[in-house]
Amino acid sequence: DAVICSNDLRERYARYIGEKPVLFDPLMNLKPFIKKQNPSLTDTALEKKISENRRAAIESARKALAKGKHIAFLEYGDPTIYGSWSYWFRENFPSTPITVVPGISAFNAGNAMIGKNVAANGSVVLTVPNGVRKNEEMVKAVAKNGDTIAIFVGLREFQSLVPILEKYFDKKTPVAIAYKAGYRYGSKLVRTTLGQAAGVIASESEQHLGLIYIGSGL
């Protein structure tokens, strides 16, 4: 009866959404998007605006549910691992039955683009930038064993991760960046090395939809 999705997904699935109202676009409330629209905001004011927008979005969903409507939340990538709904949707609607309908995961689509077993040396570790920063022992173990690390939502923050990664991985370690993995159009794979990856990522126009793989097994 109603939909929560990004403008991009609204356009891609317009024939299925039809005239159903789109309650809000969760991507437009992420910090980089809000900052781009409001460059003069301080960090404190930015966090306040994000919080206010989220409260308004949650209220719109509550009103729809109170009217007995069903809401479809269309999400990118691997939302049961890293997805906005898992961070705030469940905690605000704990008694609302939620059915998860899987599609093609960005991780598996990225693996297919690479075209080989990314866990060939035994393991592949999925993480995000904060996971790298807060758990250097994990990074050390992955590098020591010759395993692969896959970093979600890390394009914008990759430069800041390089000093940590280069402590444990050689600069010549292969890196594969899967852009728009699972998209019918616009997906591409870029191969480089850890020493060159930050420059390669900075030179690309896409700074959001990308999965970064690092490991000798690549």
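How many bridges pair strand β6 with β7, and in which sense do the two strands pair? Strand β6 (residues 174-179) pairs with β7 over six bridges, in the antiparallel sense. The model is a predicted one.

## The sheet

Strands β6 and β7 belong to an open sheet of five strands, whose order is β4-β5-β8-β6-β7 and whose pairing is mixed. The edges are formed by β4 (124-127) and β7 (188-193), each of which pairs on one side only. From one strand to the next the twist averages 20°.

Two residue pairs place β6 against β7. P174 has T193 as its bridge partner in β7, and Y179 has K188 as its bridge partner in β7.

Strand β6 also pairs with β8, again in the antiparallel sense, over five bridges. Here the bridge partner of V175 in β8 is I214, and that of A178 is L211. Strands β5 and β8 run antiparallel as well and are joined by three bridges.

How much of β8 is buried? Five of the five residues of β8 are buried, so this strand is largely enclosed by the rest of the structure. In a regular strand, side chains alternate between the two faces of the sheet. Both faces of β8 are covered: G210, I212 and I214 are buried on one side, and L211 and Y213 are buried on the other.

Strand β6 is mostly covered, with five of its six residues buried.

## Nonpolar cores

The largest nonpolar core has 24 residues; I149, F158, L165, F169, I212 and I214 are the ones that touch the most other members. Elements giving two or more residues to this core are α8, β5, α9 (158-168), β6, α10 and β8. Helix α9 gives the most, with five residues.

What does I214 touch, apart from residues up to four places away in sequence? The contacts of I214 are D147, T148, I149, I151, F158, L165, F169, T173, P174 and V175.

## Helix α4

Helix α4 covers residues 43-66. At 1.5 Å a residue, its 24 residues should span 34 Å, and the C-alpha atoms at its ends are 34 Å apart, which agrees.

The buried residues in α4 include L46, I50, A57, I58, A61 and A64. An α-helix has 3.6 residues a turn, so residues three or four places apart point the same way. After α4 comes G68, which has a positive phi near 85°.

## Loop residues

Is S105 buried or exposed? The relative accessibility of S105 is 14%, so this residue counts as buried. S105 lies in the loop between α5 (84-92) and α6 (106-114). Leaving aside neighbours within four places in sequence, S105 is in contact with G77 and D78. With D78 there is a polar contact between the two side chains, at 3.3 Å.

Most residues other than glycine have a negative phi. V153, which is not a glycine, has a positive phi near 40°. Its place is in the loop between β5 and α9. V153 counts as partly exposed because its relative accessibility is 46%. K180, also not a glycine, has a positive phi of about 50°. K180 is in the loop between β6 and β7. At 25% relative accessibility, K180 counts as partly exposed.

Terms used. Residues are numbered from 1 along each chain as its sequence is written. This is a predicted model: local features need pLDDT of at least 70, side-chain atom pairs count only at pLDDT 80 or more; totals for chains, interfaces and linings use all residues. Side-chain values use heavy atoms; hydrogens and water are left out. Helices (H or I, at least four residues) and strands (E, at least two) are DSSP runs, numbered from the N terminus. The expected span of a helix is 1.5 Å times one less than its number of residues. Buried means under 20% relative accessible area, exposed over 50%, partly exposed in between (1.4 Å probe, protein chains only). Two strands pair if DSSP finds at least two bridges between them. Axes are lines fitted to C-alpha atoms, for helices over the stretch in contact, and angles run from 0 to 180 degrees between N-to-C directions. A nonpolar core is a set of buried Ala, Val, Leu, Ile, Met, Phe, Trp, Tyr and Cys residues joined through side-chain atoms within 4.5 Å. Contact means heavy atoms within 4.5 Å. A polar contact is a pair of N or O atoms within 3.5 Å; within protein, one must be able to donate a hydrogen and the other to accept it, and residues adjacent in sequence count only if both atoms are side-chain atoms.
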